[in-house]
Amino acid sequence: MRRVVGRGLAWLVLLLAGGALLLVVVVPRLGGATPYGVATGSMRPGLDVGTLVVVRPVDVAEITTGEVVTYQLRSGDPTVVTHRVVGLGTTAAGERTLVTRGDANDVADPLPVRAAQVRGVLWYAVPELGRVMGLGTPDERRALTTAAAACLLGYAAWLVVGEVRERRAQRGQQVQQDQQVQRGARTNGPPSAGLATWWPAADAETGDPQRGVPRAPAQEDVR
């Protein structure tokens, strides 16, 4: 029972870790998106501290009021902010701008967001997974995720090999038991029909085990 429970927990941990890796690394890469971690509470309660936000690049002309965007504080600056679009504007040159505000804030952000600052629109968010985005530099995180993926694949392979070996061992034991039963049946054989007729355990009437063998008549006491 303990082995079954332990194996189930191991598979559960593997699935959870694999799912986290998919959400943080694989899906964003396949979708051309970028993952970020929420570091402040300006978007509470929807996007609390530690939430993973994955954003996809879009044309600024397609962004509408109500959408959540991630943008650079200054164009080219790696520091980003994730806020909701609460208004639209246009510069004197006709360039579209966004007015943003955090859901937990009472006032809009002081400066409009220009197209060059926008990194993308929110695709999906996962609570707590964003904390890993604060671990080390981007290169270190890339190395960490690669190592984690390799470890997960190795662990999964080890679990699968263990399952296969255990099932083979169980089948082998069952085959051996079946063979022993068959050998025992051939050695002992069924009881002989003749013996069952002439040499039963005891006669039902007389209690004589030698049924069918004539018994000598009892001698009468003649006086």
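Let's start at Glu-128, which sits in the loop between strand S7 (118-126) and helix H2 (138-188). Helices here are DSSP runs of H or I with at least four residues, strands are runs of E with at least two, and both are numbered from the N terminus. This is a predicted model, where local features need pLDDT of at least 70 and side-chain atom pairs count only at pLDDT 80 or more, while totals for chains, interfaces and linings use all residues. Residues are numbered from 1 along each chain as its sequence is written, and side-chain values use heavy atoms, with hydrogens and water left out.

Glu-128 isn't a glycine, yet has a positive phi of about 75°. Its relative accessibility of 47% is why Glu-128 counts as partly exposed; the cut-offs are under 20% relative accessible area for buried, over 50% for exposed, and partly exposed in between, with a 1.4 Å probe and protein chains only. The side chain of Glu-128 also has a partner, forming a salt bridge with Arg-131 at 2.6 Å, N to O. Arg-131 is partly exposed too, because its relative accessibility is 47%.

The peptide bond running from Arg-44 to Pro-45 is cis, with omega near 0°. You'll find Pro-45 in the loop joining strand S1 (34-37) to strand S2 (52-56). For context, most residues other than glycine have a negative phi, and most peptide bonds are trans.

### The overall fold

Zooming out, the chain has three helices and seven strands. Along the sequence these follow the pattern α-β-β-β-β-β-β-β-α-α. Of the chain's 223 residues, 24% count as buried.

The seven strands make an open sheet in the order S1-S2-S7-S3-S4-S5-S6, with antiparallel pairing. S1 and S6 are its edge strands, each pairing on one side only. Two strands are taken to pair if DSSP finds at least two bridges between them.

Walking across part of that sheet, strand S3 (residues 68-72) pairs antiparallel with S7 through three bridges, and Val-69 stands opposite Val-121 of S7. S4 and S5 share six bridges, again antiparallel, with Val-85 having Thr-100 of S5 as its bridge partner. S4 and S5 form a hairpin with five residues between them, and Gly-94 in the turn has a positive phi of about 90°. S5 then runs antiparallel to S6, joined by two bridges; here Thr-97 stands opposite Arg-114 of S6.

### Salt bridges

How many salt bridges does the model have? The count comes to five, where a salt bridge means a side-chain nitrogen of Lys or Arg within 4 Å of a carboxyl oxygen of Asp or Glu. Some of them are listed here.

| Salt bridge | N to O distance |
|---|---|
| Asp-77 and Arg-74 | 2.9 Å |
| Arg-114 and Glu-95 | 2.6 Å |
| Glu-128 and Arg-131 | 2.6 Å |

### Surface patches

Patches take residues with over 30% relative accessible area and no salt bridge, joining like charges within 9 Å and nonpolar side chains (Val, Leu, Ile, Met, Phe, Trp, Tyr) within 5 Å. Accessible areas come from Shrake-Rupley with a 1.4 Å probe, and for residues only the protein chains shown count as cover.

Leu-9, Leu-12 and Leu-16 make a nonpolar surface patch of about 310 Å². Leu-12 belongs to helix H1 (residues 2-30) and is partly exposed, at 44% relative accessibility.

The other patch is positively charged and gathers Arg-165, Arg-167, Arg-168 and Arg-171 on the surface. Lys and Arg count as positive and Asp and Glu as negative, with His and the chain ends not counted; each charge is placed at NZ of Lys, CZ of Arg, CG of Asp or CD of Glu. Arg-168 lies in helix H2 and is exposed, with a relative accessible area of 58%.
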